[in-house]
Amino acid sequence: MTTLIDQAVDAFVASVTGTPEAVGGVFEDRRQAFTVDDDKAIEINLREADSQAFGDNSPLRSLVNTVLQVELAIYTRAAMDSAGVELPARKLANPIWASAHARLMADPTLGGLAVRVRWRRASWRAESADGTAGWATHTYEITLAMREHNLLAPQ
Amino acid sequence: MFDPSIFMGVFEAHGLATRAVRTAVPGDTGFVVGFVRPEDLILGEAVHTAQIEIEYATADAPALAVGESLTIGGTAYRVQNAPRKQGDGTFSRAALQEARA
């Protein structure tokens with residue numbers, strides 16, 4: 001049994017998978033640490049779901065407006081040039097994000113499963129390493145409308 | 001005055017040290033370095049990385065600079081941070097990264 005939440009996250013991952021700039025691959029909940037060979041990868045994590053019920057107290061009639069928080073994290077490794085200069089992690093990640101975002105916005109309903117997909121915020125982290133390792137983490141909200149008694153299909 | 005850097009050549013002869021060649025210096029015969037490459041997990045243990053470092057007699061490469069290319073054991077590296085003198089300055093350490101595109 002696949003709930004609407006699972007279907008929506010699967011559709012989100014499928015939409016981002018194939019982002020051509022993510023040459024290191026697209027992963028969900030990857031447990032292995034990323035290496036220098038994984039440069040320019042995307043990792044997707046479902047962080048939380050929150051809901052608000054509408055309608056009366058009958059579970060048969062009430063709607064549940066559910067908001068999923070999904071993180072789309074872009075992993076990059078910088079390489080120093082002969083002048084000793086590295087591109088910032090932000091600049092390395094931005095083309096990947098722009099491309100992945102365009103794929104999501106091409107169908108912000110995820111094939112009719114979601115009311116909409118919205119970008120909400122981002123954070124950037126970098127640490128010196130054998131080529132500076134950087135993460136640009138973008139949080140998306142997927143809004144779903146479900147019947148309280150049925151988590152399987154959009155209503 | 002005692003100069004411990006005289007032992008670097010002996011270390012190299014016995015396989016305890018290797019040689020770094022400055023790629024941009026024509027005909028460079030290189031200088032003797034101790035080379036370590038411990039691996040570590042960073043950024044919340046999400047990223048696997050190598051902390052590459054050389055130690056050498058400061059007098060052998062006094063002008064080693066950030067971005068300079070070195071070849072060590074057939075692999076190309078770049079100097080990642082300004083070399084740091086150790087103790088009385090006889091030896092210095094420099095962090096490297098593998099030269100990629």
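Predicted model: local features only at pLDDT ≥ 70, side-chain atom pairs only at ≥ 80, totals over all residues.
Residues are numbered from 1 along each chain as its sequence is written, while chains are lettered from A and ligands numbered from 1 in the order in which they are written.

Next, the fold. I found 1 helix and 9 strands in chain B, in the order α-β-β-β-β-β-β-β-β-β along the sequence. Helices (H or I, at least four residues) and strands (E, at least two) are DSSP runs, numbered from the N terminus.

Then burial. I read that 27% of the 101 residues of chain B count as buried, meaning that 20 or more other C-beta atoms lie within 10 Å of the residue's own, with C-beta atoms placed from the backbone.

Last, the contact between the chains. I saw that chain A gives 16 residues and chain B gives 19 residues. On the side of chain B that touches chain A, strand 3 (39–42), strand 4 (47–50) and strand 9 (91–98) give two or more residues each. Strand 4 of chain B gives the most, with 4 residues. I sorted that side of chain B into 9 nonpolar, 6 polar and 4 charged residues; Ala, Val, Leu, Ile, Met, Phe, Trp, Tyr, Cys and Pro count as nonpolar, Asp, Glu, Lys and Arg as charged, and the others, Gly among them, as polar.

Key
Contact = placed C-beta atoms within 7 Å. Buried ≥ 20, exposed ≤ 12 C-beta atoms within 10 Å, placed from the backbone.
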